[in-house]
Amino acid sequence: MKRSIPNQILLYVVLVVTAVIVLFPLYQAIITSLASEADVSNYPPKILPSAFRLQNFLDAMTTAPIPRYLLNSIIQASIVTTSHLILASLAAYAFAFIEFRFKQFFFLLFLSTMMIPWEATIIPNYMTIVNDLRLKDNFIGLTLPYLATAFGTFMLRQFFLSIPRDLYDAAVIDGCGRIRFLITIAVPLARPALGTLAVFSFLQTYNQYLWPLLVTNDQNMRTVQIGLALLQDQERFLWNVVMAGVVMILLPTFILFIVGNRQLIRGLTAGAVKG
Amino acid sequence: MKRKMLFVMVVLSLIVSACATPAPVVEPTASGPSKFAFWHAMGGTNGEAVVEMMKRFNASQTACIGEAVFQGSYDDSLNKLKAGLQSKDIPAAVQMFDLATQVLIDLQVIAPMQDFVDADKFSLADYETNVLGYYTVNGKLYGMPFNTSNPMLYYNKDMFKAAGLDPAKPPRTYAEVLDAAKKLTKKDGDKVTQYGYSMAIYGWFFEQLLASSGAYYLDNANGRDARATKATFNNPEGVAILKWWKEGYDAGVFGNFGRPTADTQKAFDAQQTAMMIESTAGLRSRLSAAAGKFELGTGFLPRPDEATFTKSGTIIGGASVYILKDRPQAEQDCAWQFVKFTVSPDIQAYWHTASGYYPVTKKAYDIATDKEWVAKYPQFLTAVDQLHAAPNNRYTQGALTGVMPAARARIENAIEEVVLGKSTPQQALDAAATDVTKLIADYNKSVGK
């Protein structure tokens, strides 16, 4: 589709402006993380970096054990993401391809859990996990309430439903069992949805603050968002150190996004029903 | 297939290793030091100072080993404490902000500090009566003050000189502040480049201004003669505060940087406003930000008129340490030893110079490090002078009710309404008082009173 030159230029201008607006907070965070305390209180704020103070990163790591927290967060988020991918695929497969009694009812039950605000479940979860099961300060306590996802089930079910019925029928005729169909055909086709779910689940778990705060006391088990809170002090807010912490914490999400993105694109160009 | 198996093994081993991580158990041992936990809400450099304090405590004796655990903000810390009460997943000592005093008393989880003081025959003679007064309910001291602050006026001496004002004499009354602000505001065409005065929309400031005006926030003498049943902050003094706020804002000389105190602080550091009120706890930060740029001045919190300076004063802010009674006695005793340690003159001097919170014991001022520090930075004494100049009465002891955090948030809404011109000061405060009275009634019912 050929575009005329003025249209092309307009398009690029719009794209560049949007990119600048979206990227500016990130850019600001990075240059603040490299600035000195005096630079931060300059007004108007400088657009170009004024210093290159890597000491901020060291300060952030002495105030809060960021590397340890990063490790904990990555492990926690990985466990939850893996569980989401597995459980949601299985449940979505059942809802999409298998007929069973009360299927509609169970599906609505799943969906209804999405309408419960998380604030309402925090205290009952705490009571169960910490009081009854005595699971504080370990990864099980951190991840257990969040291992299943109604949202993921819903999204994958929608995707599975879009796989042509012919494909399923053809596979069944050829003697393909249910699990084999799921693993060899449905899941590879669902790569974009799975990639999206993985990124979404990882980020959601990575950003958790209150739940890890409640179930952990041990410095070695805490997660990254608590670390960020630890860097902030109401009376003496050191923006440059806080931003250094923020930049360090952003890195895993970037890496994840690059990986997840590849799955997304690969899935989009995957095979389909032929003929 | 092989890779899949490997993946499954890795996941399983992660889960197994997670199981194997032992949960740290705090229990007294028959032989060897007792361990106890201290939950606090200090982040940043203050948090490091707390960790340092605990290290020094542990090094100073062998009977107890304490661990300082950061629990987020004061609000997060209180929520976590409430959640852990049922299973006794609570520490022996917890730092809790002033507003939570009534809540903790009603939850009946405190082992009153008074009991430890009496048992140990600990002398409170050298301690600031005004500070202890806040945490004394019905004659009993419940918590030991830990980090105590006052709000005060910060001003930019260089800007004062440039505007022809005397940098050694900061304004003291609302009218004087307004006048000074008018002279200090600089405009560039239509846009203001430098505001004369600014204060964050923070409920604590309203409480302080009201108390120092000599008026009650709640009935029953701020809830201290008897349990509070209704809010009374919509009295003439409260209205006067918001009227003054609105007047300055309408005149274009009061800057509004929103609710987060950090934003107004940064505006002051960046010299966008010539004056502001803030806690003395941020003094250290203000000094480093001003270093090399301008000379920092501090003054008393403004009052409606000169006479009120003797009638009343500011309420102490900050937090105190409570010992919780549902932990084994050995841990509670260790917690008491820790509390005694933190209020000793040496540690108070360390805390004073490291933060800006002022000492709770007068003996701290005799410590050499403290003396040198205040000689170099006399601003550190302003809050203390303000404390000593204030009488210890029901105004300065502060309001006591279980819904203080919610009341504070409701006042912030009222302030915003007034500043944005949506209601008059009287209307906004009346509406807020009705809401807060209802909250108080619900709370009192919930604790069976």
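Biologist: What should I know before reading the numbers?

Modeller: The model is predicted, so local features need pLDDT of at least 70 and side-chain atom pairs count only at pLDDT 80 or more, while totals for chains, interfaces and linings use all residues. Residues are numbered from 1 along each chain as its sequence is written, and chains are lettered from A and ligands numbered from 1 in the order in which they are written.

Biologist: What radius of gyration does chain B have, and why does it agree with a compact globule?

Modeller: The radius is taken over C-alpha atoms, and the globule rule is 2.2 Å times the number of residues to the power 0.38. For 449 residues a compact globule would come near 22 Å, and the 24 Å of chain B agrees with this.

Biologist: Why is H13(B) called largely enclosed?

Modeller: A residue is buried if 20 or more other C-beta atoms, placed from the backbone, lie within 10 Å of its own. Helices (H or I, at least four residues) and strands (E, at least two) are DSSP runs, numbered from the N terminus. Six of the eight residues of H13(B) are buried, so the rest of the structure largely encloses this helix; among them are B:Leu283 and B:Ala290. Their cover includes strand E8 (151–156), H12 and strand E13 (296–299) of chain B.

Biologist: How many residues of chain B are in contact with chain A?

Modeller: Contact is counted when C-beta atoms, placed from the backbone, lie within 7 Å. By this rule 40 residues of chain B are in contact with 33 residues of chain A. Elements of chain B that each supply at least two residues to that side include helix H1 (2–20) and helix H13 (283–290).

Definitions and conventions. Two residues are in contact if their C-beta atoms, placed from the backbone, lie within 7 Å. A residue is buried if 20 or more other C-beta atoms lie within 10 Å of its own, exposed if 12 or fewer, and partly exposed in between; C-beta atoms are placed from the backbone.
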